Amino acid sequence: MFRKDVAYRLGAAMLALYACSNQAAPLQATQYGDFDRYVLALSWQSGFCQSMHDRNRSEPDECRLQKESADKTALLTVHGLWPGLPKSIAARGVDERRWMRFGCATRPIPNMPEAWANRKCAAAETGLSLTGAAKLSEDMPGAGGNSCLERYEYAKHGVCFGFDPDAYFGTMVRMNQEVKASPLGQFIAANYGKTISRRTFDAAVARSFGKETVKAFKLSCNGNPAYLTEMQISLKAASINMPLSSASFAPQPHPGNCGKQFVLDKVGY
């Protein structure tokens, strides 16, 4: 057990260093940088697509063209990386709920153009390099094409901080790859299509990053029986450029709505 743990941590660190070496720069806010955490949102892609189908939403290309993969961790994809409410903005009367709803468009500051979820491609281009875009497409199926998820995410959660686009999206990709390579990623792959318990999911998180990190994971489910659609992971801002470890995570108040059991949905409806 000890050897496996050491091997994983060494492998994760090497993976993170490789990813960081391919980023333009470390992720750093050049304005409104007085916040203490990020939320890394990772989708369970087949669950997300199932929820779109169940709610009679327009089927995006990444769902319509979705195919089975031998590597089941490939279904763990990037939704976004959301900085917490900066103290300088909170001081202007903005609360957490308003900040999460409007992000960079929050009034009175940052007061930037609002990005609309139903018109993602209307948001401005991100400035992401061709190399960065190619890497992102592997971990964010909704990037580019007719979905433009990366434009929406950067307009809402990135542009007002002055983030370098390659560092911003590269950080998401790097951390997603680390989660997929962890015991948690292995647990998810091994239970593809199965009903699992929150207890066993939490145990896999604890094996990966430490017992206390379980409190950093908020899980979202849809349907009856419930199936996983997304995990939102709370991370300390000060650790964002380091490989994921027990020191990276910050507790959050709500564990999500997934209940005691939920399904890791398969591809298809």
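Predicted model: local features only at pLDDT ≥ 70, side-chain atom pairs only at ≥ 80, totals over all residues.
A search of the whole structure finds four disulfides. When the bonded cysteines of the protein chain are numbered in sequence order, the pairing reads 1-2, 3-6, 4-5, 7-8. Among the disulfides found are those of Cys-49 with Cys-63, of Cys-104 with Cys-160 and of Cys-121 with Cys-148, and these are described below.

In the disulfide that joins Cys-49 to Cys-63, the distance from S to S is 2.0 Å. The link of Cys-49 and Cys-63 is left-handed, with -85° about the S-S bond. This pair links distant parts of the chain, with Cys-49 placed in helix α2, which covers residues 45–54, and Cys-63 placed in helix α3, which covers residues 61–64, the two cysteines being 14 residues apart. Both Cys-49 and Cys-63 are buried.

A disulfide also joins Cys-104 to Cys-160, with an S to S distance of 2.1 Å, and the link of Cys-104 and Cys-160 is left-handed, with -65° about the S-S bond. Cys-104 is found in the loop between α5 (96–102) and α6 (130–139), while Cys-160 is found in the loop between α7 (149–157) and α8 (165–181), and the pair therefore ties together parts that are 56 residues apart in sequence. The relative accessible area of Cys-104 is 0%, so this cysteine is buried, since the term applies to values under 20%. Cys-160 is likewise buried, because its relative accessible area is 1%.

The sulfur atoms of Cys-121 and Cys-148 are 1.9 Å apart, and these two cysteines form a disulfide. Because the torsion about the S-S bond of Cys-121 and Cys-148 is about 90°, this disulfide is right-handed. Cys-121 lies in the loop between α5 and α6, whereas Cys-148 lies in the loop between α6 and α7, so that the pair ties together parts that are 27 residues apart in sequence. As for accessibility, Cys-121 has a relative value of 34% and therefore counts as partly exposed, the class that falls between the limits of 20% for buried and 50% for exposed. Cys-148, by contrast, counts as buried because its relative accessibility is 4%.

Terms used: Residues numbered from 1 in each chain as written. Heavy atoms only, no water. Disulfide = S-S within 2.5 Å. Helix = DSSP H or I, 4+ residues; strand = E, 2+ residues; numbered from the N terminus. Buried < 20%, exposed > 50% of the residue type's maximum accessible area, 1.4 Å probe, protein only.
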